[in-house]
Amino acid sequence: MSDQPIAATVLAFPERPEDRLRRALRGLEVALAEQAAAVAGLRAELGALSGAMAGLEGSMTGYVAELDRTASAVAGANQAARVLEATADRMLLAANA
């Protein structure tokens, strides 16, 4: 006897049209289930994105309000600097007179 493996050929059983249809329907069911899971995942991610966008909107609203307060403070400081500058100019004129 030889130690060489014997090559085998697998023969396909003849398929009936009903078997092919049943197998195709099973594949379709699997694909639909995978699609449903993907859509559910997408909806969950869209919900998370919506929450993140709402948080971002709140942060931006706070940022704009803080910028407005800063602009008011800068305008007040600018006005105070102008008053001090005018006072200094008057003092220089008085000192030189």
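**Labels and their cut-offs**

Mentor: R16 is partly exposed, with a relative accessible area of 46%. This is a predicted model, in which local features need pLDDT of at least 70, side-chain atom pairs count only at pLDDT 80 or more, and totals for chains, interfaces and linings use all residues. Residues are numbered from 1 along each chain as its sequence is written, and side-chain values use heavy atoms, with hydrogens and water left out.

Trainee: What makes the contact of R16 with D19 a salt bridge?

Mentor: The term asks for a side-chain nitrogen of Lys or Arg within 4 Å of a carboxyl oxygen of Asp or Glu. The closest N and O atoms of R16 and D19 are 3.2 Å apart, so the pair qualifies. D19 also meets R22 in a salt bridge at 3.1 Å, N to O, and R16, E18, D19 and R22 are linked in a network of salt bridges.

Trainee: Why are D19 and R22 separated by about one helical turn?

Mentor: Because they are 3 residues apart in helix α1, where helices are DSSP runs (H or I, at least four residues) numbered from the N terminus.

Trainee: Which label does D19 receive for its accessibility, and why?

Mentor: D19 has a relative accessible area of 26%, and is therefore partly exposed.

Definitions and conventions
Buried < 20%, exposed > 50% of the residue type's maximum accessible area, 1.4 Å probe, protein only. Helix = DSSP H or I, 4+ residues; strand = E, 2+ residues; numbered from the N terminus.
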